[in-house]
Amino acid sequence: KKKIGVMTSGGDAPGMNPAVRAVVRAGIFLGCDVFAVYEGYEGLVQGGDLLKKMEWGDVRSFLSLGGTNIGTARCAAFRERAGRLVAAHNMILNGIDALIVCGGDGSLTGADLFRSEWPSLIEELVSTGKLTKEEVAPYKHLTIVGLVGSIDNDMSSTDATIGAYSSLERITEMVDYIDATATSHSRAFVVEVMGRHCGWLGLMSGIATGADFIFIPERPPKAGEWQQELKDVCSRHRAKGRRKTTVIVAEGAIDSELNPISSEEVKNVLVELGLDTRITTLGHVQRGGTAVAYDRMLATLQGVDAVRAVLESTPDIPSPMIGVLENKIVRKPLVEAVKLTKSVADAIESKDFDKAMALRDSSFEE
Ligand code: ATP
């Protein structure tokens, strides 16, 4: 009987609970035992109560719950080989040799590293007398399948990450609230949204709310010139009768010289224009709440496919990441997707913004 571990790791995202539910139930349906690994990689390193065999009823009502009930954490120990050795030991003690990880690029990188190291970890467990040859014999390979849970929609090779549309919905709702008061008082609002290297939330919420101006890392405005451009655009809109001004700033916003653009700076420019300006940093409300229908559906379809991918895996197939491209659930090589994601950040850092945009676009192609 296949024993699969499922965990959520890194920053939480709405839809992680539905993903865990799908893995648990699809796993049971397909004849596997499914273990919840609590607190991300910490659960593997500590073992014991943090590894729990799940029954059908254990994930009841998970579909409509925000956050992740099995917990998530940043685990320093797992970054070290010694931590991963303990993790491998705990997995074998519980008979687990397949992991479905729902997390961001860091979590998925860690998972693939674990898989590549697995044979040597097993060897070490035997050579140091922790386990016998007979005990490790059934666990020659570790199967890893990635599910991308992230509000940022920052992973290449998938159109949407689990949680991104829920976060976008929340931001849109909040900006609508702000707009009501902005229009009443004829104010300007600078709204800061999440997104470090990826401006998807900023761009899409800007489109969805009809913002006057949007700052995202992939399309930085010219250093020293954006201030005047911002003033020109906002005054033009005001001159046409608009009573409010909304500017969206992604947390990773920069100018063409890579200087960070803060909400404070943007506010100061609007104040110079004579606008009564306030800053709203949305912060963690962007992560909260229940997942929108799209994320529940995505998490469910991908969770089911993740279990199938485990059952169909062979040692020669690279670890897959479950994505969605043009509305189809797809499997992509996890390592390639992470590499492509990193190359966008690298292009931004080397000020090659056209390349960054091209890479973002190319990542959405089959
Ligand atoms: P988010 O996008 O929300 O930040 P993430 O998955 O990228 O999510 P990280 O903090 O980078 O979040 O990673 C989560 C955990 O995964 C780490 O605390 C660590 O335990 C493990 N991890 C990340 N990178 C590695 C790595 N290179 N090697 C081993 N483990 C890693």
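Q: How do the residues of the shell around the ligand divide into nonpolar, polar and charged?
A: Four are nonpolar, 10 are polar and three are charged. Keep in mind that this is a predicted model.

Q: Which residues come nearest to the ligand?
A: Five glycines: Gly 10, Gly 11, Gly 104, Gly 106 and Gly 110. The ligand has 17 residues around it.

Q: Which helix gives the largest share of that shell?
A: Helix 4, residues 105-127. Six residues of the shell come from helix 4.

Q: Switching to the whole chain. How many helices and strands are there?
A: The chain has 12 helices and 11 strands.

Q: What box do the C-alpha atoms fill?
A: Roughly 80 × 45 × 35 Å, along the principal axes.

Q: What share of the residues counts as buried?
A: 49% of the 366 residues.

Q: What about contacts between residues at least 6 apart in sequence: how many join residues at least 24 apart?
A: 75% of them do.

Q: Okay, Gly 202. Where does it lie?
A: In helix 7, which covers residues 200-209.

Q: Is Gly 202 buried or exposed, and why?
A: Gly 202 is buried, because 28 other C-beta atoms lie within 10 Å. The cut-off for buried is 20 or more.

Q: What is Gly 202 in contact with, leaving aside neighbours within four places in sequence?
A: On one side of the numbering, Val 193 and Gly 195. Then Ile 214, Phe 215 and Ile 216, plus Ile 248 and Ala 250.

Q: And how far apart are Gly 202 and Glu 251 in space?
A: 8.8 Å, C-alpha to C-alpha. In sequence they are 49 residues apart.

Q: New topic, backbone angles. What is phi of Ser 61?
A: About 70°, a positive value, although Ser 61 is not a glycine.

Q: Where does Ser 61 lie?
A: In the loop between strand 3 (51-53) and helix 3 (81-93).

Q: Buried or exposed there?
A: Ser 61 is exposed, because 10 other C-beta atoms lie within 10 Å. Exposed means 12 or fewer.

Q: What about phi of Glu 326?
A: Near 50°, also positive in a residue other than glycine. Glu 326 lies in the loop between strand 10 (320-325) and strand 11 (328-333).

Q: And is Glu 326 buried or exposed?
A: Exposed, with 9 other C-beta atoms within 10 Å.

Note on methods
Residues are numbered from 1 along each chain as its sequence is written. This is a predicted model: local features need pLDDT of at least 70, side-chain atom pairs count only at pLDDT 80 or more; totals for chains, interfaces and linings use all residues. A residue is near a molecule or strand if its C-beta atom, placed from the backbone, lies within 6 Å of it. Helices (H or I, at least four residues) and strands (E, at least two) are DSSP runs, numbered from the N terminus. Ala, Val, Leu, Ile, Met, Phe, Trp, Tyr, Cys and Pro count as nonpolar, Asp, Glu, Lys and Arg as charged, and the others, Gly among them, as polar. Two residues are in contact if their C-beta atoms, placed from the backbone, lie within 7 Å.
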